Structures are given as structure tokens and as C-alpha cells.
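Colleague: I have just opened this one and would like a walk through it. Could you take my questions as they come?

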Amino acid sequence: GHSLTDTYHAYPVWPGLYPLALIGLVGWGRFKSEKSTIPGSTMEWRWNNKAQYDQPDARHDISNWELLVTTEGNNAGIQWDGQWLKTWTDHAWQNGNRGKGAPTMLYTHWSDTGYANGNPEAPEPNFNTKWREQLDLDERGWLAKVDQVNDDLLDGCPPVYIIPGNRIMARLFDDIAAGKQPMGIDNMADYFIDNVHPNELGAYAITCAVLLSIHHIEPKKLPYDLSQPDYRIPRTPTRDQAEYLQQVALEVVTSY
């Protein structure tokens with residue numbers, strides 16, 4: 001993926017670090033997870049260009065992996081055509097897991113609030129109703145991609161399932177509008193470091209959803225404080241905030 005999958009997989013500190021969460025929950029050696037990322041990239045770009053920073057390459061090294069989680073680029077909204085998702089899905093099923101086949105999951109992210117306000121060069125600092133409307137429009141695009149691929153799967157290939165990051169953000173927005181957020185959160189900006197990238201609170205919510213979607217690990221099992229003295233963590237969730245985000249992830253994923 002790119003920086004919005006790095007949100008849960010490569011965040012420099014806890015909370016939000018998915019591999020660290022796995023180690024804390026199930027111990028060393030049970031699962032191996034690696035990122036394969038190119039900043040800002042589309043599925044097409046990642047197919048034609050190898051991953052950076054000496055990471056495993058999602059296309060060329062797929063034989064070593066049992067699951068592919070991918071996403072689309074984060075540029076100017078989500079296109080409805082599922083051509084490249086099908087290319088990745090077919091490739092993973094034909095060549096993944098030492099030729100036994102690896103299923104594919106699609107992680108859905110959210111639009112830049114600047115793009116949603118019609119000017120990606122001058123991002124709107126506040127997350128407003130236009131951004132919320134864009135989430136619903138993007139959701140139609142995500143679902144169209146998955147429907148297109150699932151209507152034309154290779155023999156034996158499991159359906160592509162969604163990790164609903166986009167719906168997590170929509171739920172957080174709606175809860176703020178309804179006054180249902182825990183103390184200390186009253187604006188979507190409380191979940192972000194800029195106009196699109198989540199901070200520790202946003203990353204925590206996404207990590208809960210990823211753990212539940214992939215591993216069926218209940219979010220309430222995820223600790224809210226794994227602070228380490230070597231890291232400076234600007235903001236960790238309070239217990240109330242963590243329990244709220246765990247519940248959001250549980251409800252969004254299980255009802256999706």
C-alpha cells in the first residue's frame with residue numbers, strides 16, 4: 001500500500017502498530033507480517049514498480065505469504081474500475097503461499113479533506129460535511145471494485161473481503177456529530193496529524209479493525225497503553241477512549 005496502510009502497519013510508536021499488537025496478543029512467531037509500500041501509489045503503480053526500502057515486494061514475493069492486503073491509491077478519490085484489484089487477486093491466488101494460493105483483502109481508506117472540498121492544493125483544516133459526503137461516495141467506489149472482482153473469481157479463489165477503514169472514519173464523524181464521543185474528542189481533527197493521516201488515536205481505531213477483520217481478535221483484547229520509554233508518544237488513548245474505539249471497530253466490522 002502507501003502511507004494510509006502504513007498507518008496501522010508502520011506507525012513509529014504504539015498505539016497503532018499492528019505487528020506489535022500481534023506480538024502482544026499472541027506472542028512471538030505465531031504470525032509474520034510485513035509491509036510492501038510505495039508512498040502515494042496506486043495498484044497499477046505497485047504492479048509495475050517494486051516496493052521501496054528493502055521491503056518484500058507484494059507482487060514478486062507473494063509466494064512467501066498466505067494473505068495479501070492491498071488498497072488503492074489515495075489520489076483524487078476512488079475509481080470504480082476493479083481491473084487492477086482483479087490483477088492482484090488473481091496473481092495472489094495463482095502464486096501465493098508456495099502456489100497453494102493466497103486470498104486477497106481490500107483495505108478501504110478515506111479521502112483527503114482538501115480533495116473533498118474541491119481544492120487538493122489548499123486543504124481545509126476542518127473535517128466538514130463535504131468530507132463526510134465524500135466518504136459515502138468513495139464507499140460506492142470501493143464496493144464496485146469488490147463486486148467486479150468477486151463476480152469473476154478464478155476457480156477456488158475466496159471472495160475479496162473488505163477491511164472497512166473508510167467506514168470507521170464515517171462512524172467516528174457521525175458519533176461526533178451526535179455527541180457520542182468520549183471526553184477529550186470533539187472534532188475529527190482530534191484523530192489526525194494533518195488533512196489525511198491519522199494520529200495515534202486514529203491509528204488505534206484502525207488497528208482494532210484490522211486485527212478483527214484478519215485474525216478475528218476481539219478489539220477489547222487489545223491493550224490501550226503499550227508505551228515504551230524509548231519513544232515519545234504525543235497522545236495515547238485514555239481507557240474510556242480506547243474502550244470506545246474498540247467498540248466502534250467491533251460494531252463497524254461485524255455489521256459491515
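Colleague: How much accessible surface does the protein chain have?
Modeller: The protein chain has an accessible surface of about 12300 Å², and carbon and sulfur atoms account for 48% of that; the areas come from the Shrake-Rupley method with a 1.4 Å probe, and for residues only the protein chains shown count as cover. This is a predicted model, in which local features need pLDDT of at least 70, side-chain atom pairs count only at pLDDT 80 or more, and totals for chains, interfaces and linings use all residues. Residues are numbered from 1 along each chain as its sequence is written, and side-chain values use heavy atoms, with hydrogens and water left out.

Colleague: And what share of the residues is buried?
Modeller: Of the 256 residues in the protein chain, 50% are buried, meaning under 20% relative accessible area with a 1.4 Å probe, protein chains only.

Colleague: Switching to packing, at what angle do α4 and α6 meet?
Modeller: Helix α4 (residues 83–95) packs against helix α6 (residues 129–150) at about 50 degrees, with the axes 9 Å apart; axes are lines fitted to C-alpha atoms over the stretch in contact, and angles run from 0 to 180 degrees between N-to-C directions. That makes α4 oblique to α6, because angles under 35 degrees count as roughly parallel, over 145 as roughly antiparallel, 65 to 115 as roughly perpendicular and the rest as oblique.

Colleague: Which residues meet there?
Modeller: Gln83, Leu85, Lys86 and Thr89 in α4 meet Lys145, Val146, Gln148 and Val149 in α6, where contact means heavy atoms within 4.5 Å.

Conventions. Helices (H or I, at least four residues) and strands (E, at least two) are DSSP runs, numbered from the N terminus.
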